[in-house]
Amino acid sequence: MGFAEALVAFVVVGLPTIAIFALVSRVLRHREKKLEFEAQIEAAKAAATNPRPDLLEQRVRVLERIVTDKGMNVAEEIERLRDDRGG
């Protein structure tokens, strides 16, 4: 195989292969950026719907304590917590 044939083979096979890999790489980078952007939007929405995550966490801890504390009367505990909160 001479130089001219090798050059033709590279132009016919090599360049299109390189172009396809470059295109696929760009498409994958674009998808990754898109997913990152969508994740940021979802995080912003979550932050907007729950501006006080500390309050939610406190409520969940109280509920966990009520549920896991076996000897406690649940209705009485809920009423006591309502009284403590002033509501």
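## Alanine 9 and its helix

Alanine 9 lies in helix H1. This is a predicted model, and H1 has the highest mean pLDDT among the elements of the chain, at 91. With a relative accessible area of 34%, alanine 9 is classed as partly exposed, because that class covers values between 20% and 50%.

Alanine 9 and valine 27 are 18 residues apart along the chain, and their C-alpha atoms are separated by 27 Å.

Helix H1 comprises 47 residues and spans residues 3-49. The distance from its first C-alpha to its last is 67 Å, close to the 69 Å expected at 1.5 Å a residue.

## Phenylalanine 10 and the nonpolar surface

Phenylalanine 10 is itself a residue of H1. Its relative accessibility is 42%, so phenylalanine 10 counts as partly exposed.

Phe10 also contributes to a nonpolar surface patch of about 890 Å².

## Confidence in the model

For the chain, the mean pLDDT is 84, and 93% of the residues reach 70 or more. Among the elements, helix H3, made of residues 74-85, has the lowest mean pLDDT, 77.

Note on methods. Residues numbered from 1 in each chain as written. Predicted model: local features only at pLDDT ≥ 70, side-chain atom pairs only at ≥ 80, totals over all residues. Heavy atoms only, no water. Patch = residues over 30% accessible without salt bridge, like charges linked within 9 Å, V, L, I, M, F, W, Y side chains within 5 Å. Areas by Shrake-Rupley, 256 points an atom, 1.4 Å probe, with all protein chains shown as cover. Salt bridge = Lys/Arg side-chain N within 4 Å of Asp/Glu carboxyl O. Helix = DSSP H or I, 4+ residues; strand = E, 2+ residues; numbered from the N terminus. Buried < 20%, exposed > 50% of the residue type's maximum accessible area, 1.4 Å probe, protein only. Expected span 1.5 Å × (residues − 1). pLDDT = per-residue confidence, 0-100.
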